[in-house]
Structures are given as C-alpha cells and as structure tokens.
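Dear colleague,

Please find the structure below, with its sequence.

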Amino acid sequence: MMKDASPQTIHLADYTPFGWTVRDVHLTVKLSPRATRVVARIHFAPRGDAPAQDFFLHGEELTLLRAAIDGAEVTPEITPQGLTCPVPDGPFLWESEVEIAPADNTALEGLYMSNGMYCTQCEAEGFRKITYYPDRPDVMATFTVRIEGDEPVKLSNGNPADSGAGWAEWHDPWPKPAYLFALVAGDLRNHPGSFTTKSGKEVELNIWVRPGDEGKCAFGMEALKKSMTWDEEVYGREYDLDIFNVVAVDDFNMGAMENKGLNIFNSSCVLASPETSTDANFERIEAIIAHEYFHNWTGNRITCRDWFQLCLKEGLTVYRDSQFTSDMRSAEVKRISDVIALRARQFPEDQGPLAHPVRPESFQEINNFYTATVYEKGAEVIGMLKRLVGDEEYYKALDLYFERHDGDAATIEDWIRVFEDATGRDLSQFKRWYSQAGTPRLSVSEDFSEGTYTLTFRQTTPPTPGQPDKAPQVLPIAVGLLNPNGHEVVPTTVLEMTEAEQSFTFEGLSAKPVPSILRGFSAPVVLERDSAPEERAFLLAHDTDAFNRWESSRDLARDCLVAMVTEGAAPDTAWLDGLERVIRDDTLDPAFRALMMGGPTQSETAQVLHERGHVPDPDAIWDAHESLRQAMAERWQDLLPALAEEARVTEAYRPDAAQSGKRALGSAVLALQTRLDGGKAAEAQFASADNMTLQLSALACLVQAGRDEAALRAFHDQWQDDRLVMDKWFALQIAATTPDKAPERTAALTEHPAFDWTNPNRFRSVLGALAMHHTGFHAKDGRGYKLLADWLIKLDAKNPQTTARMCSAFQTWKRYDADRQALMKAQLERIAARPGLSPDTGEMVSRLLS
Ligand code: ARG
Ligand code: ZN
C-alpha cells in the first residue's frame, strides 16, 4: 500500500500536455465493501499538438484484473503510481477491470465507505484510486456511469439516464476532469426542491442524508436556491443540468466538494436545525452551499489546466461566495469577519516556513496546498483586481472570461489576459500577487503644508522560503480624509501604489486632515503606522468606513495588549471609553457592536507581538487578556444588563443576520457578565435556551467559570446521539478551559468512548481544539506539543490528508522562546522520523523544519 518512498517534487515549469484526448468514459461500478469491481471503457485518440510520450495512466492501490486495447488483451507494466502500455498510433478503445476495497479505505480519498454508505472524494488525485486513468485536470471527457448494487439510492454526475432492479445509469454531457467525478450509494433520504432557471428550465434539487437527518435540510435547500438566483443575477450564470444533488457525509476530510451535479458535503457543512446548529453554523452552511454551487461555473465549466492553477477556481469562488454573503447579510460585518479570519489563518502561514505564493511553483503533495493562501489570499487578490479596475470593468472581464474559456482547462495567464483585454490595462506587475509569497508591510508618513496634504507610503515584503528578494507589488490603497471636526472632506479614493516608495497628494484642504487608510482592508498587507492614540480614537468615533472604525479600535486594543504584555501596563482607559460610546450606540448594528466588543484573540496578540519584533510569551498573553476582560467587565458593569436586554430575541428563532447579530451581542455580554456573577446568568440562559446558539454560548461561559460539571453532563445526555452536536461538546470543553487544564482535558477526552478518532470532524474537535488553545497548546513543559504529535503519528497511518493539514498547528514554532522552539522541533523531528510516514505528512514536516 505504501507509495514510492522517495517523494517527487513537481514543478509548474515542467507542464506538458497529455498525449491523447479522451472522447468518452464508460464506467460500470459493481459495489461490494471489500471487492468493488470497476470496469472502464475509454476512447483515446492521439493529440497532434502534444510532445511524444509513453502512454501512462495513473492508478494507485488498484488490483488490475484485466486490460484490453481494441478488444485484445494486454499486459501493462505496473508501478505503484500507475501503468504504461504500448498503444496503437491512432484512436483506440481502452478497457480495464480493477478491484478495490472501499471499506478498507480510511484515507477518505477515492471510493470509500462512511456509515455503510459509499461515497467518493476525487479532488485532487483520488480518481486514480478508482480506476486507471489520466488523472489530471486538463484531460476532460464525458462520463457515463452504471452503478450496480442493492443500495436503494445510487447517484453519479450529470442526469439520470436509466435504471432497473439493482442498477442505475447516469450520463454527464459536460466534459469534465476526473477530479469532478462522484458516486454515492446507500440508504439515503432526500429533501426535495426545485428551481426554475431564468431561461425557464426546471431543475430538480435534492439534499440526500442518512435516515433521521431529513429534518436538517430545509435551510441548505433555501441557501441553494438563493445561490442559484444570485449567480444568475450577479454573474449571469445559469445552471446547466436537469438535476442538482447534494449529499451529506459524516466522514469527510474537508468542507465540501463541487463534483459536477453531485456536490458532496461534510455533514457539518450542510445539516442545520435551530436546536443543533449555531448562528455561525448557519452562516457557514449558507456560504459553503453557495461556494460549491458557484464552482459549477468557476471550477467546472472552466477548470484548471494543472494543480498549480488551483487559485484560479478557489480564489475566485471564495471571492464570489463572500460577495454572496455580503449581499445576503451585512457587507460590513462580513468584511470584518473575513479580515479576522485572514489574519488568523493566512498571515501566520505567509510569515512562516509554510509560506508559498498564491500560485505555488512546486509541490510534492497537492493536497497540502489547499491552503488559506490559495483560497483566502487568492480571493483577496481578486478583490484588489476589482478595486483597481472598478465594478463595471470587473463584470465586463468576467463576461469575457466565461465566453472565452467555457469548456477550457485554464491558467492564471488566461485569467490575467482576460482582464487586460477587457480593460486595456497592463497587469504584468499586478501578476506578482500570484508569484510572490509573503505579507507586504506598508508604512506611511504624512505631511501638510499650505493646503496640500501628502501621504508617502513605503512597501517591503520580508523574505519567504525560496524567495529572498521581493519586487514592489501593486497595492490599491483606499483612503478617505476627515477634517478635525470629524467630517469627511475626501471620500474614499483608491490610490494605486506601484513603487517601493510613493507619495500621493490632496490639494485645497483648509486644515490638516485625519487620514483613514486602507479602508475596507483594500489590500492584504500589514499596515505599520505609529499614529497617536488620539487619532485612532478620533477614527473610532468618526470614521464613515465601518471596517476602519472597527480597525481603529482593534489597533488600540492591540497596542494596549502589547503594552500590558511587554511592560505590565494597565488597560487603556481612553480606548475603553471610546469603545463604550460605540457599544452604547443603539443605532449601530448589534453584530457590529458584538465584533467591537470581541477584541483580539490570544493568537492574534501573539501574531502582533511577533510582527513588532517581540517573542510572544503565551502565559503573559493569557494574563493580559484575562485582566483586560476583567477590566472591561468591571467598567461596564452597569451597561451590561441594558445590553443583555437589547440583545434579547423574543420572536421565533431565525438564523438571519438581524437575529444572529443580537445573539452575538448577547453572548459577548454574557461572557463579561460571567466574570462578575461567577456564571449565574449563564446558568439561567443554559437552562432556558431553546436553540444551540444560546445553549452553547452559555455552556462556554460555564466552562470558563469552572462551573461546568452538571451542565456538561446535561448537554452530553441531551445530545449524545447527535454526532455534530457532540463535536461541539468535545471542542468546547477544551477551547473554553484554562491553560493549565487544556492538555489534561484533551488527553482525558481522547479516552472518552465517543472519541471516534478516525472521523475527521471528531479528531479535529478534540486535537484541533487543543492546537487552537494558544496558552494550553504552548504549555511550557511541552505536554501540549507532545500530545498533538502522538495523535498525529497515530492518525497518519489511517488518514494522511487530515494529519498533514493539522501539522500546520506547528507553523509558528520559530516565533517562540528557545525552550519552546526546542520542544516543538523535537516533536516535529519525532514525527519526521516515523517509519512509514505518509508523503503528505512527510512534506509538511520537512517544510516546517526547513
Ligand atoms: N474543491 C473543494 C472546495 O473548495 C475542496 C477540495 C479539497 N480537496 C483536498 N484534497 N483538500 O470546495
Ligand atoms: Zn472551492
């Protein structure tokens, strides 16, 4: 089963097309848990425009039973990666039959079983575990799939063609790469729906779930319909098959997958009900449903030439789903939340040993590059492009993209050329965003004389692995100016910075203005600006840009926390006063005020300390955060009950922006109240909660207050049969506990009978929660590191993908003190030295150690 021991590095520069085209693929899949037979009939024809090469088909962990070319048996040469075989000069029919064992497939890649149901995950390179095939995204073909088995429901891509007793046939008329292949079979129930496209075509919709989960599909179905409408209205994109199926699967390595006409979802990303899902879950489900649906055009109709181009579909689709969420909910709140997530996940990646460009130039295991950089920074790059060319030109370029590349396996060069052709701009410098890794640092100085205000910017990007020197990038810097009375005198203007150092002037001002820089976080950079606290407070009070209003408070919070950690300073009361005015302002969206109350996470404080040249001390960070929260609670003692009252929802539960904003404010308030009343209010909320949002936020407070025994037991007894809620139960007790207890609680929970560690959701809910508990994970004696490493080693033997992904918990290891560094390094070396370590994890650990 082991792959070749010496991992191969693949380079973008080595791209060569496959030597044949595939006219069509016919698969017959005879299901059986340990002896599934896959019969393939594939028509190949040589392509004149490809370099001469041997005929090679990918194939891994397959037992070849027979192979034939044009009806004559052949005996291919087989390696662990695939097969080669002499073939005729002209077109030919390839036939093969292989045997596979889905029930033994714990890697959850290819065809596998989850709770008795068959399902597939083929992106990026899983199809080669199903049959021999040129498993690369630039080989596209139509598929006809016959599924044989007793399972009542049998699904594949495209439209249903025919079915009978024990078999079903599907035909997908759209040529597609193998990574979009999917097959599902099992005892499933559907939640049906339908949609009429703008040109009047009826589409059958279904969400397929395990028996018992039927009641958790309605929200996903509505989200799907909204996504279909939105893509028609905003991008002019219609759906293109008679049927669209979504399936929920419990065992899944990531969020969801956009297989053509048959999206497969981690059940946590589609199943929802008010009793079992939080507001955050609902919002995420809506976004992921949209994301996978939007892939039908950005990903499926136009796919990627090779895996280096992954951001072509992912960056664009994340950008599209963020536009969708902004339209469905609050654009301002969405932007702030996206930036929080970008800083939490992408900045550490971009500033550490795992840094890579949005379009990487080499990899060993492509699964290791489904990263925050490819996805989230990839989306930021598109946002910048739109800011630079303007909305109208952006949609003009997108229309051209769909028109020119429909049916193609395209590249970033194609994408850039579309924008150049549609807008007449030269984007060669902009393209550096795709090739240069690292987060640019942007510093600013200002000057005012005789009515002219000058802003001078400097940009530098620190070195990243393999990229010591960086060239200046194009930065759209959105700026507005306020006069000393707090009135906006220059509305938002996008300055286009292209040089390493560049000045911009504003004329005709009667007084020195206060600048609001990088409005809406117009470029993914670290803004270095030592402005006076009074100026930040002024922006907190007056800025018209909601993002920068939030940001100015966040900046003050960061400064405050840095001073508390490094100098033992007291909490900054001037900032707390300014913040209080915002929080009290009931004309503002409660969701926005909740975000303002939230404050930086401890990892964010660590990140900021690192950016400012300090070595973060996790224990000192914990103490500073604790005393700041305590100071907030005491200071706002009289305000909290009024806010709690305002946050109360009296109507029936709806997971919409208005209600969830109120609940978000309520839970921010409850967290502070708990510091004053020891958990009394939380206990009351826990007892009366009729939805998961209120129940869980109350439970978090009780854990935090150390008053959780009875509540945890009650919650467990109430929800022990619901896997998704039990994931929350596991995660919360680690996330909300004190640092001294975090590793022990994690260790104890791994002994719990419900800790099914082969389920990726459950594994992440326990070990992932430890990795995210900043102080707990970084326990001084290294027991957090060791515990995580023990479990990563154990999981790697079963599921390399999830293991490799979770190694990124160590990505910031070089920031910490020498003792912690040594402890983390020792664990990484221990993982690296493991005999039989998967290439996936091997690559991650060696990059981390390099
Ligand atoms: N294309 C999927 C999505 O973003 C994710 C697939 C992830 N695959 C992987 N091997 N990690 O919607
Ligand atoms: Zn995607």
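I begin with a loop: aspartate 70 is placed between strand S5 (63-69) and strand S6 (72-73). Helices (H or I, at least four residues) and strands (E, at least two) are DSSP runs, numbered from the N terminus. Aspartate 70 has a positive phi of about 50°, although this residue is not a glycine. With 13 other C-beta atoms within 10 Å, aspartate 70 is partly exposed. The burial classes rest on C-beta atoms placed from the backbone: a residue is buried if 20 or more others lie within 10 Å of its own, exposed if 12 or fewer, and partly exposed in between.

The model is a predicted one, in which local features need pLDDT of at least 70 and side-chain atom pairs count only at pLDDT 80 or more, while totals for chains, interfaces and linings use all residues. Residues are numbered from 1 along each chain as its sequence is written, and chains are lettered from A and ligands numbered from 1 in the order in which they are written.

A positive phi of about 50° is also found at phenylalanine 521, again not a glycine. Phenylalanine 521 lies in the loop between strand S30 (514-517) and S31. Phenylalanine 521 counts as buried, because 22 C-beta neighbours lie inside 10 Å.

Strand S31 also belongs to an open sheet of four strands, ordered S29-S26-S25-S31, with mixed pairing. Two strands are taken to pair if DSSP finds at least two bridges between them. The edges are formed by strand S29 (501-506) and strand S31 (526-528); each has a single partner strand, so one side of each is left without a neighbour in the sheet. From one strand to the next, the twist averages 25°. Angles run from 0 to 180 degrees between N-to-C directions, and axes are lines fitted to C-alpha atoms, for helices over the stretch in contact. Six bridges link strand S26 (residues 452-460) to S29 in the antiparallel sense, and tyrosine 453 stands opposite phenylalanine 506 in S29.

Alanine 124 is located in the loop between strand S11 (117-121) and S12. Of the eight residues of strand S12 (residues 141-148), six are buried, so the strand is largely enclosed by the rest of the structure. S12 pairs in the parallel sense with strand S2 (residues 20-30) over seven bridges, with histidine 26 opposite threonine 144. Strand S15 (residues 167-176) runs antiparallel to S12, also joined by seven bridges; there isoleucine 147 stands opposite alanine 168.

Finally, UniProt lists "domain: Peptidase M1 alanyl aminopeptidase C-terminal" (unreviewed entry) at residues 534-849. UniProt positions are given in the numbering used here, feature names are shortened, and annotations may be inferred rather than shown by experiment. Residues 534-849 are 72% helix and 0% strand, with end C-alpha atoms 43 Å apart. Helix H27 (residues 839-849) is mostly covered, with eight of its 11 residues buried. The buried residues of H27 pack against helix H24 (783-796), helix H25 (800-806) and helix H26 (818-832).

With kind regards

Key: Contact = placed C-beta atoms within 7 Å.
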